[in-house]
Amino acid sequence: MSRTVYLNGDYLPEEEAKVSIFDRGFLMADGVYEVTSVLDGKLVDFDGHLARLERSLSELDIEKPAAFDDLLEIHRELVARNNVVEGGVYLQVTRGSAGDRDFVFPDPEVVKPTLVLFTQSKPGLADSPAARTGIKVISIDDIRWGRRDIKTVQLLYPSMGKMMAKAAGVDDAWLVEDGHVTEGTSNNAYIVTGGKIVTRDLSHDILHGITRAAVLRFAREAQMEVEERAFTIAEAQGADEAFITSASTFVMPVVEVDGVKVGSGAPGPVAVRLREIYIEESRKSAI
Ligand code: PMP
């Protein structure tokens, strides 16, 4: 059945939602996005995703396309119209279409941003079989641009990274720069070693994951020790556990890195516990 999607003020059947060929999102990847997960038909960490959206837009001087309350209303309307119980809402804002191709930004008084939202229904998201076995990753060079803290739609290299993982018979790739892991193709990366949860510190080098912020808060509340610093692939391979976080995978154990088992080769207790806490707390606070 066709989804109802949202485009610049209208709710439309997906086949009828059309964007100009001159849209800068299409021509220049000049746009940003957010993915908010849905549990029990409610939005998880919506405030966090909206705050990051506002930051991404302001870093790129793209006008905010709608007020917070309107965006919340659109998210809720789409979840309801598409009967999403578990899954996510994808939101994208581009700098819009000036009706031609030009490197120079169009005048924001004249050209308004394009706002698109659609839902993805994923029954079984919380009770994912992958979370029971854990996933395997390879490492690849991080050759992305220098502002990974801005959530742009320039996803070609992450997409190529997923294909490299697939070709290697594994699930995902961790990106490595100057000998240290930055993050996963579409997630933040962690190890558990020396009794501490270690994950890269925030900077322009990584996306400031909304799930990361929540998981680190829950870990500290549960008296787990957290160390925000870079780590190497060798350190990950010798760690007791590894895992990733993102809005669409929550906390997902990583059991193999570049063909080497991490710990026992099964999901570790810290990752399993953090996944439970994250899902439980998210269900409670979802709106
Ligand atoms: N890093 C990258 C590169 C990502 O694409 C994502 C997910 N979009 C994340 C981290 C995780 O962020 P979040 O927890 O906000 O989904």
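Student: How much area is buried between domain 1 and domain 2, and what share of it do carbon and sulfur atoms give?
Tutor: This is a predicted model, so keep that in mind. The area buried between domain 1 and domain 2 is about 1900 Å². Carbon and sulfur atoms give 59% of that.

Student: Which residues of domain 1 lose the most area to domain 2?
Tutor: Tyr 33, Leu 39 and Arg 52. Together they account for 32% of what the domain 1 side buries.

Student: Back up a bit. Where does the domain assignment put domain 1 and domain 2?
Tutor: Domain 1 runs over 4-121. Domain 2 covers 129-285. These bounds come from the domain assignment.

Student: And how many residues does each domain bring to the contact?
Tutor: Domain 1 puts in 21 residues, and domain 2 puts in 19. As for spacing, the C-alpha centres of the two domains are 26 Å apart.

Student: How many salt bridges are there between domain 1 and domain 2?
Tutor: Three.

Student: What does Arg 147 pair with, then?
Tutor: Arg 147 makes a salt bridge with Glu 59. Their closest N and O atoms sit 2.8 Å apart.

Student: How many residue pairs are in polar contact across the interface?
Tutor: Eight, counting pairs with both residues at pLDDT 80 or more.

Student: Which elements supply the side of domain 1 that touches domain 2?
Tutor: Strand E3 (31-39), helix H2 (46-59) and strand E5 (87-94) each supply at least two residues. E3 has the largest share, with seven residues.

Student: How does that side divide into nonpolar, polar and charged?
Tutor: Eight residues are nonpolar, six are polar and seven are charged.

Student: Switching topic. How many salt bridges does the structure hold in total?
Tutor: There are 26 salt bridges. One of them joins the side chains of Lys 64 and Glu 54, at 2.6 Å from N to O.

Student: Where do Lys 64 and Glu 54 lie?
Tutor: Glu 54 is in helix H2. Lys 64 is in the loop between H2 and helix H3 (68-81). The two residues are ten residues apart.

Student: Last one, the whole fold. How many helices and strands?
Tutor: Eight helices and 15 strands.

Student: Why call it as compact as a globular protein of that length?
Tutor: Because its radius of gyration is 19 Å, close to the 19 Å that the globule rule gives for 287 residues. Along the principal axes, the C-alpha trace spans about 55 × 40 × 35 Å.

Technical notes: Residues are numbered from 1 along each chain as its sequence is written. This is a predicted model: local features need pLDDT of at least 70, side-chain atom pairs count only at pLDDT 80 or more; totals for chains, interfaces and linings use all residues. Side-chain values use heavy atoms; hydrogens and water are left out. Domain bounds come from an automatic or database domain assignment. Contact means heavy atoms within 4.5 Å. Buried area is the accessible area (1.4 Å probe) that two parts lose on being put together, summed over both. A salt bridge is a side-chain nitrogen of Lys or Arg within 4 Å of a carboxyl oxygen of Asp or Glu. A polar contact is a pair of N or O atoms within 3.5 Å; within protein, one must be able to donate a hydrogen and the other to accept it, and residues adjacent in sequence count only if both atoms are side-chain atoms. Helices (H or I, at least four residues) and strands (E, at least two) are DSSP runs, numbered from the N terminus. Ala, Val, Leu, Ile, Met, Phe, Trp, Tyr, Cys and Pro count as nonpolar, Asp, Glu, Lys and Arg as charged, and the others, Gly among them, as polar. The radius of gyration is taken over C-alpha atoms; the globule rule is 2.2 Å times the number of residues to the power 0.38.
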